[in-house]
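Take a walk through this structure, from one pair of side chains out to the pairing of whole chains.

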2 protein chains.
Amino acid sequence: MRILLVGAGGVGSAAVAIAARRSFFETMVVADYDLGRASRAIADHDARFVAAHVDASSADAVAALCREHRITHVLNAVDPRFVMPIFDGAFAAGADYLDMAMSLSHPHPTRPHSETGVKLGDDQFAVSDQWSAAGRLALCGIGIEPGLSDVFARYAADELFAEIDEIGVRDGANLTVDGYDFAPSFSIWTTIEECLNPPVIWEADRGWYTTPPFSEPEVFHFPEGIGPVECVNVEHEEVLLIPRWVKAKRVTFKYGLGDEFIEVLKTLHKLGLDSTSPITVRGMQVSPRDVVAACLPDPATLGDRMHGKTCAGTYVTGTGPDGRPRKVYLYHVVDNEWSMKEYGHQAVVWQTAINPVVALELLATGAWSSAGVIGPEALPPVPFLDLLTSYGSPWGMEER
Amino acid sequence: MRILLVGAGGVGSAAVAIAARRSFFETMVVADYDLGRASRAIADHDARFVAAHVDASSADAVAALCREHRITHVLNAVDPRFVMPIFDGAFAAGADYLDMAMSLSHPHPTRPHSETGVKLGDDQFAVSDQWSAAGRLALCGIGIEPGLSDVFARYAADELFAEIDEIGVRDGANLTVDGYDFAPSFSIWTTIEECLNPPVIWEADRGWYTTPPFSEPEVFHFPEGIGPVECVNVEHEEVLLIPRWVKAKRVTFKYGLGDEFIEVLKTLHKLGLDSTSPITVRGMQVSPRDVVAACLPDPATLGDRMHGKTCAGTYVTGTGPDGRPRKVYLYHVVDNEWSMKEYGHQAVVWQTAINPVVALELLATGAWSSAGVIGPEALPPVPFLDLLTSYGSPWGMEER
């Protein structure tokens, strides 16, 4: 297996550190728009790792880099506006493709808060037949959420339930960062994108529909000492992926944002600072959202000042195999202190990065194989969960 | 009188419209960094008005333009970061100078919320002797606030009180703007500057000192139907100007910001988006505060969608000439509907712009004359108030 990792930011750098301990691949080319950043990501690792420059907005540049290094698998670890050129570039070069976020949505032009427009991943699913016909695999949404959360959903359907009422992905943390008034633990660009777009919900008798942002607030109790966190509906890939392969009456995603973060996001939106369209500022063209991101500390650099745990998981309700009501939360918790000490990467990016590395190893060994554009819930969940545990990062399950 | 107006934004354009109805000056050169904006400001007016390009950050450019047009008076109507080059350029060219905001403050390096650092206007007062020696006048802070509010303070001291306890400038409005979630009625650049700097207070036995932002909230009742508005301490020139010429035990400035605006300002500060220092965004250097300003509608263009009234005034408490306690609010209200219909300029910029035009006319007629760096309260208030009224914009007074 010869891997091209596109993006040497927080998640990409953590993926390098995780993959470096495994032997399933021959080479990993780590490419970034900033060659220095790619070089820093591989600096402490063995000769299988090579740094390269790439412009992720160019499918041709991605394809050329694949051909140069005889790449078999492309792992996309940049922000989701670059999904399509990387996805197209991998296909053009005959490589398989993995990502952790799918192609972007566009709200319904007139009823954004009740109907979907272009949905997350639509642009990728539209060419699934071409990928299948070519025998190529695009495994989409294989980070933590989407990713492990989807594996949990499939595991619940296969092993724990006779019938499922709701699959509700629930994400919460008790992370704090010393020395900053406000320091998001994940890419603010992506957080704005997912939180300010109209949240999407799936129901068996209604299909996909949307609501206003921050809808249906709910206090969810997270395990391992994190405790209660206020969660709200957020647009996320799981709601688009899970219903395609797993039978349930309802699928939702709620994110434990907290009051302060919601207030910040609302204010950014009110002022137009969430916009990605360039505006003219003293003769220069800049996107306000890029400016917001540039004002805040890089979340990948905050690990030393961060404290607490982050939890991703899937809450499933329905009827168990014994015919009785069942409620289960399947989850994965990372303590920042542990991930910093063990890997030198903060908890949120480390927790995202481990999943595509596990998936690549399953593809390398043949435990997973498929073609076309698919989500993680299309593949058998047990090999994934077992290999994740053997990486030293076990998952948990609570009956509720 | 030959006037150079620097800045054809909201206030500058309104000043042109007001001055166009008066005959006290020979020419007014309207200069802006954007020549097109200067040309639009003078488009409907007579041949005394000339448009020009100027770089307000260059004292040499300002001085050269003064010499070219034999300017006698420079009126500065750009944002306060350009005060010093325009002030210095006017002096170099032998012109008198007027502004509506003074040179910027810098917080105390270690005790910003209790002690002053560099105060508003300090850089200008530092060279007052040079202006006096040259027989040149710098009349600073002659907008609405500072400006008319300072004239009110001097009027109260001269005509209404034997002894003053507190002079409290109080500004409030009930303006709304159709079609925008958030649309400030005045320059957001200046509003951020004055609201996020530590507010300054003057007390006779303590001198100037500072507090944390948004301190001492107070509900003040504004006249002419505006009603109660929550006001908080804000750094403003009046607190630096009034105690130099008017005897009082305490001088404050409170601005009726409202809860929503305060929340927006706090969020901008928390994210570093209030900063004026350039940051690197995709290879370009931009100041976050400039980006915030560019995201929001230009307040000068909102007049047609704006409704309501704005009030500026000075609340004075103490002992009247009869020895009895007295409380008086001297104020000036502009109804946006009136200013749009009468002048085509929205209420807030129009209310700011009328005062320097009145002051220029008093200097032209000789009713006002002085030298050195002074504030409006250094000059006799009655001629100013009478001429303001004869411009068709009377002031009011409430005994409380």
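Which salt bridge do the side chains of Arg81(A) and Asp290(A) meet in, and at what N to O distance? They meet at 3.2 Å, N to O. A salt bridge here is a side-chain nitrogen of Lys or Arg within 4 Å of a carboxyl oxygen of Asp or Glu.

This is a predicted model: local features need pLDDT of at least 70, side-chain atom pairs count only at pLDDT 80 or more, and totals for chains, interfaces and linings use all residues. Residues are numbered from 1 along each chain as its sequence is written, chains are lettered from A in the order in which they are written, and side-chain values use heavy atoms, without hydrogens and water.

Chain A has domain 1 (2–99) and domain 2 (148–347), with bounds from an automatic or database domain assignment. Their centres, taken over C-alpha atoms, lie 25 Å apart. Across the boundary, 10 residues of domain 1 are in contact (heavy atoms within 4.5 Å) with eight residues of domain 2. Two salt bridges are counted between the domains. On the domain 1 side, five nonpolar, two polar and three charged residues touch domain 2; Pro counts as nonpolar, Arg as charged and Gly as polar.

About 810 Å² is buried between the domains, 62% of it from carbon and sulfur atoms. Buried area is the accessible area (1.4 Å probe) that two parts lose on being put together, summed over both. In domain 1, Arg21(A), Pro80(A) and Arg81(A) lose the most, together 50% of what that side buries.

Now the chains. A rotation of 180 degrees with 0.1 Å of shift along its axis superposes chain A on chain B (RMSD 0.0 Å), by least squares on C-alpha atoms of residues with pLDDT of at least 70 in both. That is the relation of a two-fold axis.
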